[in-house]
Amino acid sequence: METWRGIDATPEGWPASVVAIGVFDGVHRGHAALIRTAAKAAAEREARCVVVTFDPHPTAVVAPHAVPAQLTTVDRRLELLEALGVDAVCVLPFTEELSKLSPDYFVRHVLVGALHAKAVCVGENFRFGHKAAGDVAKLAELGEEFGFEVLPQTLTADAEAFSSTRVRRLVAAGDVAAAAEVLGRDFGLEGTVVHGAGRGGTALGFPTANLATAPNTAIPADGVYAGWCHRDSHRHPAAISVGTNPTFEGGERTVEAYLLDFSGDLYGERVRLDFTARLRGQVAFDGIEPLVRQIETDVADTRRVLELG
């Protein structure tokens, strides 16, 4: 899959395309259905299937007070889009300048001039151009003028409507199993392993990898989860804790994972934690001994949920 950032970086001589446009945060099952429609349309037209997405989220520019928590990093979004079989992804930096382009200019310069669109796939509520002046009807009108077809899609799979807003709500509530139903996979959280308080290995006997995530990242509700830690091509079962460590009068919210049957140094590594099931809520224990007993139970429950035997 080819990728480039900015429409002016489009490879010279780029051929006819079917273009899917959207933020695609989370790349949930509704997004996947839309992109499969674009891929099918591209094959029928002997064209390339191109996804146009945005970074940062457009709300960060047009309504910074209301930016939604992000479900995926741009790099993870690219991985998920590649897995859907698209030919290329153009990441448009969403700037104030881009937000002020008229719908006509966006179509003429981006869709027609650079990508030579023969068809465009968008969600049925798609808006574009300055102050969201363009909608699907405007896009279809411009399509007639410039010679491309518009394929509006309801973001559904198996007749069920999906949205990134719904995933955010489920993740915030800790219902990672329901979020996985919408996403078509476990919800994942990416970040770099950093040094924490150091209690896991010294005081508790369960060393944890503390994850530093990007600002405004969607994080599950406080509690303990069974899941997986992905590092490069390796996958490790993990008991994941999200919260403020109330037993130790902690205040800062942290995400840390105990990797089962693993020993080694993960500091500085970029990893992804996938949340499979919520085991329990956050609890303050009366001392270290009851906390250790609960962690032992959490690890056993993680083995059971992940069917590790």
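**Helix packing and sheet order in a predicted model**

Helix α5 (residues 103–114) packs against helix α6 (residues 136–146) at an angle of about 55 degrees, the two axes lying 11 Å apart; here axes are lines fitted to C-alpha atoms, for helices over the stretch in contact, and angles run from 0 to 180 degrees between N-to-C directions. This is a predicted model, in which local features need pLDDT of at least 70 and side-chain atom pairs count only at pLDDT 80 or more, while totals for chains, interfaces and linings use all residues. Residues are numbered from 1 along each chain as its sequence is written, and side-chain values use heavy atoms, with hydrogens and water left out.

The angle makes α5 oblique to α6, a word kept for what remains once angles under 35 degrees are taken as roughly parallel, over 145 as roughly antiparallel and 65 to 115 as roughly perpendicular. The crossing of α5 and α6 is right-handed, meaning that the near helix is turned clockwise from the far one by less than a right angle. In contact (heavy atoms within 4.5 Å), P103, D104, V107, R108, L111 and V112 of α5 meet K138, L139, L142 and F146 of α6. Of these contact residues, 7 are nonpolar, none polar and 3 charged.

The strands, which are DSSP runs of E with at least two residues, as helices are runs of H or I with at least four, form an open sheet of 6 in the order β1-β4-β3-β2-β5-β6, with parallel pairing; two strands pair if DSSP finds at least two bridges between them. At the edges stand β1 (2–5) and β6 (149–153), each pairing on one side only. Within this sheet, neighbouring strands are turned against each other by 20 degrees on average, direction ignored. Strand β2 (residues 17–21) runs parallel to β5 (residues 117–123) and is joined to it by 4 bridges, and A20 stands opposite C121 in β5.

Terms used:
Nonpolar A, V, L, I, M, F, W, Y, C, P; charged D, E, K, R; others polar.
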